Amino acid sequence: MDFTIDFTKEQIESIEDVLQQELIDLGVQSVILMDLAGNVIVNLDNGHANHDVFSLAALAAGNYGAVSAMANIIGEQEFSLLFHKGEKESIHFSKVVEDLLLLTIFNRDVSLGFLRLKVAEAIKRIQTLI
Amino acid sequence: MALINPKKREVQVKIVYYGPGRGGKTTNLEYINRKFKKRILNEMVTVKTYGDRTLFFDFLPFDIGEIKGHSIKIQLYTVPGQVKYNATRRLVLRGVDGIVFVADSMDLRREMNIRSLQNLKENLEAFNKNIFNIPLVMQYNKRDLADEGIPILSEETLQKDLNSRLNAPYFPGSAIRGDNVAATMKKIIALTVSSLRKKLQ
């Protein structure tokens with residue numbers, strides 16, 4: 001059940017390219033690819049974000065675990081997508097593969113529908129790289 | 001399992017402070033946060049209930065410099081000690097690289113220490129980890145209570161109860177005074193990092 005993927009330098013670079021093209025270029029503030037232990041695997045931002053990504057990842061892993069436990073209570077295996085809406089900034093979580101999560105932080109300039117579409121595309125591309 | 005980023009040459013190491021409720025796990029982290037403030041770039045994160053007990057975890061990240069050309073990022077976590085929070089406690093153990101077991105030296109807490117250690121063993125098993133194979137350091141906390149006339153367990157008793165088979169390095173400590181808090185942390189970091197050395201070749 002415990003799980004960490006060993007990434008090569010090339011894999012990380014390819015994943016960074018995907019995240020840059022699909023999400024950062026679209027206008028999102030920052031993206032974090034992380035594992036459920038709370039480790040940050042890849043972090044990219046648009047140059048204006050100054051988030052404490054390590055704390056964010058630790059809390060996101062905990063949050064995802066807690067929500068998965070809620071899913072189990074109502075008979076679901078998990079909720080593979082979470083969204084927290086803020087006044088200016090919002091966070092979108094999506095599962096990539098078992099134990100890997102993609103966190104996207106974006107503002108009101110990006111529509112949720114379009115973001116979800118692009119996240120889905122990015123995830124599909126990342127899945128072929130790992 | 002620590003996460004190694006070959007591009008940034010960075011290693012993220014997860015160390016979890018485990019032990020019974022009100023044993024001083026959060027106090028350990030708070031002391032470290034104060035004492036090593038210069039090295040700690042981010043604020044300590046803590047998810048508490050209204051009663052000021054750790055609900056989910058505390059989280060304290062800091063850098064310890066380079067080993068074999070890799071910068072080492074240590075991430076300290078505590079678990080909620082209260083029995084009823086086992087689900088969140090188990091979540092925090094996911095991907096753990098090293099453990100500090102903070103035992104409460106108070107006479108009254110003898111049984112709770114033993115139960116918490118047993119719970120640690122079971123929760124590690126849920127992640128296919130064996131308590132005998134993971135870097136582990138014991139801290140017998142609250143030794144200062146003896147000065148106030150509060151009955152505490154002797155180190156021999158604690159050793160016999162908790163560490164007779166594990167044989168882990170141990171420290172008598174007082175998290176509130178800071179006695180052996182840094183020593184405990186340095187020991188677990190040394191053990192954990194040395195277990196990673198092979199991977200960093």
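**A paired helix and a chain interface**

The end C-alpha atoms of residues 15-106 of chain A lie 19 Å apart. That span is 34% helix and 35% strand; helices (H or I, at least four residues) and strands (E, at least two) are DSSP runs, numbered from the N terminus. UniProt lists these residues of chain A as "domain: Roadblock/LAMTOR2", in an unreviewed entry. Such annotations may be inferred rather than shown by experiment.

This is a predicted model: local features need pLDDT of at least 70, side-chain atom pairs count only at pLDDT 80 or more, and totals for chains, interfaces and linings use all residues. Residues are numbered from 1 along each chain as its sequence is written, and chains are lettered from A in the order in which they are written.

Now take two helices of chain A. The axes of α1 (residues 9-24) and α3 (residues 112-127) come within 9 Å and cross at roughly 165 degrees. Axes here are lines fitted to C-alpha atoms over the stretch in contact, with angles from 0 to 180 degrees between N-to-C directions. α1(A) and α3(A) are therefore roughly antiparallel (angles over 145 degrees). From α1(A), the contact uses I15(A), V18(A), L19(A), E22(A) and L23(A). From α3(A) come K118(A), E121(A), A122(A), R125(A) and I126(A). Contact means C-beta atoms, placed from the backbone, within 7 Å.

Turn to the interface. Here 24 residues of chain B are in contact with 25 residues of chain A. On the chain B side, β1 (3-5), β2 (10-18), β4 (54-67) and α2 (86-93) each give two or more residues. The largest share, four residues, comes from β4(B).

Conventions
Two residues are in contact if their C-beta atoms, placed from the backbone, lie within 7 Å. Angles under 35 degrees count as roughly parallel, over 145 as roughly antiparallel, 65 to 115 as roughly perpendicular and the rest as oblique.
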